[in-house]
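Please read them with the structure open beside you.

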Amino acid sequence: MASITVTVDGVKYSDEVEPRLLLVHYLRERLGKTGTPVGCDTSNCGACTVHMNGVSVKSCAVLAVQADGAEITTIEGLANGEWHPLQEAFKTEHALQCGYCTPGMIMAAADLLRTNSHPSDEEIRDGLEGNLCRCTGYENIVRAVRRAAGAGVTP
Amino acid sequence: MTTDTQAAAPEVGKARLRKEDARLLTGQTNWTDNIVLPGMLHMCFVRSPFAHARITSVDVSAARGMPGVIAAFSGADFAGEQGSLPCAWPVTPDIVIPHHPPMATDEVRYVGEAVAVVVARDRYEAADAIAAVDVNYEPLPPVLDMRAALEEGSPKVHEAGNKSYEWVFEQGDPIAAFRDAPVVIERNYRQQRLIPCAMEPRAVVASTDVAGEITLWSSTQIPHVLRFALSAFFGIPEQNIRVIAPDVGGGFGSKLQVTAEEVLAVLVSSKLRRPVKWTESRSEGNLTVHHGRDQWQRIRIAADRDGRVRGLDVDLLADMGAYLMLVTPGVPLLGAFMFPAIYKMDAYSFKCTGVFSTKMPTDAYRGAGRPEATFAIERIMDELAVELGMDPLQLRERNWIKHDEFPYTTIATLVYDSGNYEAATARARELFRYDELRAEQEARRASGDPVQLGIGISTFTEMCGLAPSRVLGSLSYGAGGWEHASVRMLPTGKVEVVTGSSAHGQGHETAWSQIVADKLGIPFEDIRVLHGDTQVSHKGMDTYGSRSLTVGGIALAGACDKVIAKAKKLAAHVMEASENDIEFTAGRLHVRGDPAQGRSIQEIALATFAAHDLPDGMEPSLDSDHTYDPDNFSFPHGTHLCATEVDTETGRVTIRSYVAVDDVGKVVNPLIVEGQVHGGIVQGIAQALYEEAVYDDDGNLLTTTLADYLVPSAADVPTITTDRTETPATTNPLGVKGVGEAGTIASTPAVVNAIVDALRPMGINDVPMPCTPEHVWRAIQAARDTGTGQNGGGQ
């Protein structure tokens, strides 16, 4: 067992964890933060994407012990009173259907906009390459990210 | 309570933002894997590493001693109660339906088949302990190729042999049609095996209380069918089973199943009297969620020189996999009626042979039989156009049913109620700039551009809205095709709607609210939609086959009509008028000609709550149920046009533009419809370009992860241009048609037609799916080296 202290969505937690415990399982099963889902076991789908110290990571590919001392933001902590512009834009553009990929997609898109505040459609598509969606065909996700970036929205 | 119910703009047709989204966007979701119950244990399965083997021993005793392990079971431990997983569609009287225990006891027939289960305190401990289960196998030869499986002397998957059934259908005089036609061409197409890959892996939680009452949470499309199956096939009294489908993260047919894991979770929980959970990993899911497609298709078409199609002849081999699951054998039959598509002809013959293999069973996957049929007919229409020297759109137009010929009985005996192929095609042609692209194609061919342009066409239709119960009966399906809905008028005038249609991402909560808002004249916000829990929604046939709106939505409209009829009686009493004089307009019940003096239906609902002043014998309730059985399928259609650029040096395919003009009848919510079309198209593009479940020569699945099984990302798919024409269905009061599968059915042939069109001058007339750079490059090399790019006989 290892001792870790992690701040998740603004709350500080100290826990004893097995060294092999994945961050996503720590979030879901120890902290009850089930907003972040698991979609695969090879870090291809991105459903479990969260921010670690402000940068997006796939929380199935991070051990809980690696998050010791880190600040984690999940989809549950993204809204700050008001919804995040990406949450609003995903709703407005119908960029989700079943919603399973949505937390990871939004967290990845937030990181994309942090590094490129006005991406082209191609940059949005390339930037979200690590996040899979089976429902939307991505068209409306691209529109939503474009809308959130304040670049207007035209089909 | 307001009496100002000025008629608002109709809700149906509005691009309403979804009610579902708030919880999904903020992480306040209720996925099955989120569920934690006191004392809950975790299951992990030991699965066969062999495609085919005899089990000589299973020893779970060492696993029982591992840390945190509460129990471990082999198939033999459940021999008396695990029964056989059901197949609900015995398509012929002599079909072979093998015994299919949830956990194998004597023999395993695909890699991934469950042989033992470990139950532990947490999922890590359960996963650790499966290594301590000792299973001995005696390998048997795998059966991996459908054609070889039918040959004399092939190893057998089951004692009874490798053929499950042969189903035939014939109309007109196919022999005469093919004998007399001046042009006959034949092609062989491969529908590769696909893995559905809903983003949410399957998950199950089962809990059994002290009275033996069972609650099963499952990531399923079919809570009602599952409850029935657990009772009918596993002997659990139906009144003691509650099935809940909480938020379900996509299905695409893959969660239209009664699974081994669901049954075993119930059995283990009942045995241990503790709640148990099982959540699959993606790798486990790719192995053991039912697969889709997997057919060899031989198709022949007979035509006159002027392009008139005379007849069609189809011979399928369909890979069932190792067992028949819920609707495995019926999937190709859903395609049987769709090969003639939108075209008129004199004769049609169809034969399908269901073949066993030592692979994961196949079953419904988005489109289920119809994408396969649409692919073959749309591909061969292009081939026929080349043979006749006609433009492929012109050939289609020559043969399709004209808009003034509806209703039209097709050669496959379906009655298409409505459609307008001319309008959808004209609009698609315009948006696509068809003539300009053809001119560019000519120029690039003439200049010898190494990157060639191809244009692909798919003028598809499909049959959906499953289904009229009598049709299902005639096809030997084990259940009906109706749907149920209830409307509960709450005392304060708010409304609860209960639907038997179980949503898993489609947006029922929004669309159903729109329908009820218009029917009852009450605000969209005043309506709450309940679904997916058999204790709340006791009756339903669930969600698949693009049936929710065309069956469940109509059931809902019927329930609303009954509410109104009840409200009229009460309003007549309150207003001291004759019931015959009461009219219902925009949410108000009033005496004919005097709308100002009426009562809102919400006020009438309150009157039934107090019930102080009802006439003798009047039931104090407006609540109503309706079960709707459709008269016919629905037949959405459309024209999809795809332009591809194919690099003849590398084989790389790029979709340059994609235009989809769909006609799904009246639209309840255009936002949702467009989303379904986008997602459906991309799933069909994925079959055309990227996805294939690959087994090696020993029967090991090589594509167990999303690194190997290439579900496309945003970077891999094009921008899609969509538009609609609107030809209302005449077979239901809302005029609606299904949309959930249309895109997937349409897009695969559009893309492959475009690729072949690009390569046609090289003598190539087929590229096997998925059209990866390697497959395209090999087709080009074969054509260059030997001139054998032709697909005339078998491959």
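1. I begin with Ser537(B), which, leaving aside residues up to four places away in sequence, touches Val498(B), Thr499(B), Gly500(B), Leu530(B) and His531(B). Ser537(B) sits in the loop between β21 (527–530) and α16 of chain B. Ser537(B) is classed as buried because 23 other C-beta atoms lie within 10 Å, the cut-off for that class being 20 or more. Gly684(B) is 147 residues away from Ser537(B) along the chain, and the C-alpha atoms of the two are separated by 33 Å.

2. Please keep in mind that this is a predicted model, with an ipTM of 0.97 and a pTM of 0.97. Chain B has an average pLDDT of 96, and 98% of the residues score at least 70. Over residues 1–6 of chain B, however, the pLDDT is below 50, and this stretch has nine contacts in the model beyond near neighbours in sequence. Where pLDDT is low, the predicted coordinates should not be read in detail.

3. Helix α16 (residues 548–574) of chain B packs with helix α17 (residues 601–610) of chain B at an angle of about 80 degrees, and their axes are 10 Å apart. The two helices α16(B) and α17(B) are therefore roughly perpendicular to each other, since angles of 65 to 115 degrees are counted that way. On the α16(B) side the contact is made by Ala567(B), Leu570(B), Ala571(B) and Val574(B), which meet Ile601(B), Ile604(B), Ala607(B) and Thr608(B) in α17(B). Of the residues in this contact of α16(B) with α17(B), seven are nonpolar, one is polar and none is charged.

4. Between the chains, the contact draws 43 residues from chain A and 41 residues from chain B. On the side of chain A that touches chain B, the elements that give two or more residues are α2 (85–92), α3 (102–115), α4 (121–127) and α5 (139–148) of chain A. The residues of that side of chain A comprise 19 nonpolar, 16 polar and eight charged.

5. Chain A also holds an open sheet of five strands with mixed pairing, in the order β2-β1-β5-β3-β4. Its edge strands, each pairing on one side only, are β2 (11–17) and β4 (55–58) of chain A, and from one strand to the next the twist averages 40 degrees. Helix α3(A) packs on the sheet, where it touches β3 (49–52) and β4 of chain A, and its direction makes about 40 degrees with that of β3(A). Strand β1 (residues 2–8) of chain A pairs with β2(A) in the antiparallel sense over seven bridges, and Ser3(A) has Glu16(A) in β2(A) as its bridge partner.

6. Two cis peptide bonds in chain B deserve a look. One runs from Phe406(B) to Pro407(B), with omega near -5 degrees, and Pro407(B) is found in the loop between α11 (392–399) and β16 (408–409) of chain B. Another joins Leu466(B) and Ala467(B), with omega about -10 degrees; Ala467(B) lies in the loop between β18 (451–461) and α14 (469–474) of chain B.

7. Which burial class does Tyr138(A) fall into? Tyr138(A), which is not a glycine, has a positive phi of about 75 degrees and lies in the loop between α4 and α5 of chain A; with 28 C-beta neighbours inside 10 Å, Tyr138(A) counts as buried. Ser43(A) likewise has a positive phi, near 55 degrees, and lies in the loop between α1 (23–30) and β3 of chain A, but Ser43(A) is partly exposed, with 19 other C-beta atoms within 10 Å.

Note on methods. Residues numbered from 1 in each chain as written. Chains lettered and ligands numbered in written order. Predicted model: local features only at pLDDT ≥ 70, side-chain atom pairs only at ≥ 80, totals over all residues. Axes fitted to C-alpha atoms, helices over the stretch in contact; angles between N-to-C directions. Helix = DSSP H or I, 4+ residues; strand = E, 2+ residues; numbered from the N terminus. Parallel < 35°, antiparallel > 145°, perpendicular 65-115°, else oblique. Contact = placed C-beta atoms within 7 Å. Nonpolar A, V, L, I, M, F, W, Y, C, P; charged D, E, K, R; others polar. pLDDT = per-residue confidence, 0-100. Pairing = 2+ DSSP bridges. Buried ≥ 20, exposed ≤ 12 C-beta atoms within 10 Å, placed from the backbone.
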